[in-house]
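Trainee: I've got the model open and I'd like to walk through it with you. Could we go piece by piece?

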Amino acid sequence: MAVPWEDLVAGVKKGNVRALAKMITRIENRDSGWKDAMKVIYPDTGATLVFGITGAPGAGKSTLTNKIAHGLVTRGYQVGIIAVDPSSPFSGGALLGDRLRMQDIATIEGIFIRSMATRGTLGGLCQGARDVIRIMDAFGKDIVLIETVGVGQDEIEVVRAADVVLVVSVPGLGDGIQTLKAGIMEIADLFVVNKADRDGADEVVSDIQAMLELSQEGEEAAPPVLKTSAVTGEGIESLVSMLVQLKEDKERPSRDDATRIMEEVLTLMEQELFHHIRSQWAGNGALQAAVNRIIDGERDPYSVAEDMLGTLKHEG
Ligand SMILES: Nc1nc2c(ncn2[C@@H]2O[C@H](COP(=O)(O)OP(=O)(O)OP(=O)(O)O)[C@@H](O)[C@H]2O)c(=O)[nH]1
Ligand SMILES: [Mg+2]
């Protein structure tokens, strides 16, 4: 027998790590009753500050996330980490690498790590991340770090769900900032030039600053640009202090909450509708008959879909 949702939710709210892990899995799997469980979790959320950490593949995001988490825990914060695996869940390579590098913090009190596959997440990556963040929030995590590679559209969407976005670049990628997907620069609240132990970090910093100057509008302060080395530890203290400051100020950057909530409601409606249509029509005799008529050349897919949607509209 599966553990009842009530027990899981109660466990999460009490800070039970096993309940946290189990609830996340069952929510991700969309086990029956998942939505009611999330409804109960929701009022207990809103305290967590979410940092999105993104950037080019291999920029050192995982190593940096590891160091940041460590620094935050040392300062007394409870930290959740969501590592969005950029590769397919079947290839294993990148995922294993991440796991290994993340391993040394996996056992530290106060840090909980979860990886999520880009593909194959039932509720979609973005909604999946929102759900996991909320469960971690209700559990008592003060800060959630979400690492995603800054190349695909899905990943960018996930980063948009964060309160504060850190964009990580590195020297030695040719034109470092060009390798990032267009659109990522615009949503950055903070730039980190990692691998500062290598040559060329200062040039990357100036490139970013020059670019920011060009795009600066009005009085708004440009996002800070920090230099770090996740390997030597250079700059990590200042970065962590800056994140702590943001947490303490509870300053949520200008990304509009109303817009985010509206997006979420629309996503949930789309998913529900999709599910409803599939489950209602897939094994439905009327659909089978219509398909046969399309095959026989009597009808076409466009008008069949239109007719069937028409019945849905009448339902409600
Ligand atoms: N020299 C140097 N190497 C670093 C630094 N940070 C990370 N690395 C190395 O860079 C490589 C990639 O680091 P990761 O932390 O896996 O980078 P990532 O951005 O998470 O990579 P993906 O998730 O695969 O995109 C590893 O071999 C790290 O040890 C740094 O500050 N300096
Ligand atoms: Mg990584």
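This is a predicted model: local features need pLDDT of at least 70, side-chain atom pairs count only at pLDDT 80 or more; totals for chains, interfaces and linings use all residues.

Trainee: Does Glu 6 count as buried or exposed?

Mentor: Count the C-beta atoms around Glu 6: there are 12 neighbours inside 10 Å. The cut-off for that class is 12 or fewer. So Glu 6 counts as exposed.

Trainee: And how does Trp 5 count?

Mentor: Trp 5 has 19 C-beta neighbours inside 10 Å. Buried would take 20 or more, and exposed would take 12 or fewer. Trp 5 therefore counts as partly exposed.

Trainee: Leaving aside neighbours within four places in sequence, which residues is Trp 5 in contact with?

Mentor: One hint is Asp 36, which is 31 residues away along the chain, yet its C-alpha atom is 8.8 Å from that of Trp 5. For Trp 5, the contacts are Gly 33, Asp 36 and Ala 37.

Trainee: Now the overall make-up. How many helices and strands are there in the chain?

Mentor: The chain has 316 residues, and 35% of them count as buried. Of the contacts with a separation of 6 or more, 74% are between residues 24 or more positions apart. As for secondary structure, the total is twelve helices and seven strands.

Trainee: What is the order of the strands in the sheet?

Mentor: Begin at the edges: β3 (111-117) and β7 (225-227) each pair on one side only. The sheet is open, its pairing is parallel, and neighbouring strands are turned by 20° against each other on average, direction ignored. Reading across, the order is β3-β2-β4-β1-β5-β6-β7.

Trainee: Which residue of β4 is the bridge partner of Thr 54?

Mentor: Thr 54 belongs to β1, residues 49-55. Seven bridges join β1 to β4 (residues 143-149), and the two run parallel. The partner of Thr 54 in β4 is Thr 148.

Trainee: On the β5 side, what is the bridge partner of Gly 55?

Mentor: β1 pairs with β5 (residues 164-169) in the parallel sense, over five bridges. Within β5, the partner of Gly 55 is Val 168.

Trainee: How many residues of β1 are buried?

Mentor: Side chains in a regular strand alternate between the two faces of the sheet. In β1, Leu 49, Phe 51, Ile 53 and Gly 55 point one way, while Val 50, Gly 52 and Thr 54 point the other way. Residues on both sides are buried, which makes the count for β1 seven of seven.

Trainee: At the other end of the sheet, which residue of β7 is the bridge partner of Val 192?

Mentor: The strand to look at is β6 (residues 190-193), which pairs with β7 in the parallel sense over three bridges. In β7, the partner of Val 192 is Leu 226.

Trainee: Last one: does Lys 195 count as buried or exposed?

Mentor: Lys 195 is found in the loop between β6 and α8 (201-215). Its phi is near 60°, a positive value in a residue other than glycine. Since Lys 195 has 26 C-beta neighbours inside 10 Å, it counts as buried.

Definitions and conventions: Residues are numbered from 1 along each chain as its sequence is written. Chains are lettered from A and ligands numbered from 1 in the order in which they are written. Helices (H or I, at least four residues) and strands (E, at least two) are DSSP runs, numbered from the N terminus. Two residues are in contact if their C-beta atoms, placed from the backbone, lie within 7 Å. Two strands pair if DSSP finds at least two bridges between them. Axes are lines fitted to C-alpha atoms, for helices over the stretch in contact, and angles run from 0 to 180 degrees between N-to-C directions.
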